[in-house]
Amino acid sequence: MDYLELARAAAAKVLSYSRERGGWRLCKSTDEVCIYWRPSSEFPGNVYKGEGIVNTAPEHLWEYLKPEPGGLRVKWDKTVKEFEVIEAVTDTLSVCRTVTPAAAMKIISPRDFVDVVLINQYEDGTIASSATNVQHPSCPPQPGYVRGLNHPCGCLCIPAPGDPGKTQLVSVFQTDLSGCLPQSVVDSFFPFSMAQFYTNLIKAVRTQNI
């Protein structure tokens with residue numbers, strides 16, 4: 001399997017989603033983030049995009065988002081229970097497994113996801129991680145978890161125009177949770193979960209109490 005080719009294609013799609021202005025519908029707005037959705041072209045579901053400003057520089061914010069075992073993200077992100085690297089292909093490319101806890105009053109049981117993850121830094125100073133689902137021989141589906149599928153998704157830490165001390169954080173989620181879930185549960189879960197993602201991240205950055 002050509003992990004690099006898959007990851008580059010996912011990164012290109014995530015970057016495209018972050019820049020596209022048309023076709024998105026607002027589904028949730030808070031003081032910290034606006035969340036939009038539109039039908040996915042990858043699977044019979046939706047792609048969601050969050051946009052918010054965080055009061056710290058991209059390089060500092062990235063430390064809270066960096067996909068690494070034992071990193072800061074598992075300390076503040078309540079949607080991530082475990083994170084492990086299955087195979088480190090290069091310094092910026094790896095195959096990873098993420099475990100998520102039960103959610104929505106346990107209607108959504110624990111999930112795990114196996115993805116190829118690529119880290120990019122663009123000329124404008126944007127730092128991004130992009131991912132998409134893959135299969136890996138050393139990580140078959142495991143008892144106690146429903147294997148979900150992430151379609152091209154990621155986070156981009158974009159320097160805020162005119163203010164290097166702030167970051168425009170764009171997040172893209174495009175997840176097939178699998179299993180037999182009511183569509184109404186899925187449709188309400190993602191906007192709520194993404195809003196909590198921004199709330200918890202901003203609190204962690206502000207207090208540095210993680």
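Arg-38 is buried, with a relative accessible area of 16%, where buried means under 20% relative accessible area, exposed over 50% and partly exposed in between, for a 1.4 Å probe and protein chains only. The place of this arginine is in strand β2; strands here are DSSP runs of E with at least two residues, helices are runs of H or I with at least four, and both are numbered from the N terminus. Leaving aside neighbours within four places in sequence, Arg-38 is in contact with Tyr-17, Glu-20, Gly-22, Gly-23, Trp-24, Asn-46 and Val-47, contact meaning heavy atoms within 4.5 Å.

Before I continue, a word on the source. This is a predicted model, in which local features need pLDDT of at least 70 and side-chain atom pairs count only at pLDDT 80 or more, while totals for chains, interfaces and linings use all residues. Residues are numbered from 1 along each chain as its sequence is written, and side-chain values use heavy atoms, with hydrogens and water left out.

Let me turn to the whole protein. It contains four helices and 12 strands. The radius of gyration is 16 Å, close to the 17 Å that the globule rule gives for 210 residues, so the protein is as compact as a globular protein of that length. That radius is taken over C-alpha atoms, and the rule is 2.2 Å times the number of residues to the power 0.38. Along the principal axes, the C-alpha atoms fill a box of roughly 50 × 40 × 35 Å. Of the 210 residues, 47% count as buried. Among contacts between residues at least 6 apart in sequence, 57% join residues at least 24 apart.

As for the surface, the protein exposes about 10,500 Å², and carbon and sulfur atoms supply 53% of that area; the areas come from the Shrake-Rupley method with a 1.4 Å probe. There are 20 positive and 22 negative side chains, and the centres of the two sets lie 7 Å apart. In this count Lys and Arg are positive and Asp and Glu negative, with His and the chain ends not counted; each charge is placed at NZ of Lys, CZ of Arg, CG of Asp or CD of Glu.

I now come to strand pairing, for which DSSP must find at least two bridges between two strands. Strand β2, residues 34-39, runs antiparallel to strand β1, residues 25-29, and four bridges join them. The two form a hairpin with four residues between them, and Ser-29 stands opposite Cys-34 in β2.

Which strands does β11 pair with? Strand β3, residues 46-54, is joined to β11, residues 163-173, by seven bridges in an antiparallel arrangement. Here Gly-50 has Ser-171 as its bridge partner. Strand β10, residues 153-160, is also antiparallel to β11, again with seven bridges, and Cys-157 is partnered by Leu-169. The hairpin of β10 and β11 has two residues between the strands, and Gly-162 in that hairpin takes a positive phi near 80 degrees.

Most residues other than glycine have a negative phi. Ala-104, in the loop between β5 and β6, has a positive phi near 55 degrees. At 31% relative accessibility, this alanine counts as partly exposed. Ser-178 has a positive phi near 60 degrees and lies in the loop between β12 and α4.

Three further positions deserve attention. Ser-94 belongs to strand β5, residues 93-100, and counts as buried at 12% relative accessibility. Not counting residues up to four places away in sequence, Ser-94 touches Val-85, Glu-87, Ala-88, Val-89, Asp-115, Val-116 and Val-117.

Lys-66 is found in the loop between α2 and α3. Is this lysine buried or partly exposed? At 21% relative accessibility, Lys-66 counts as partly exposed. Its C-alpha atom is 9.1 Å from that of Ala-128, 62 residues apart in sequence.

Finally, Arg-206 is found in helix α4. With a relative accessible area of 59%, Arg-206 is exposed, whereas Arg-38 is buried. Between Arg-206 and Gly-52 there are 154 residues of separation in sequence and 15 Å in space, C-alpha to C-alpha.
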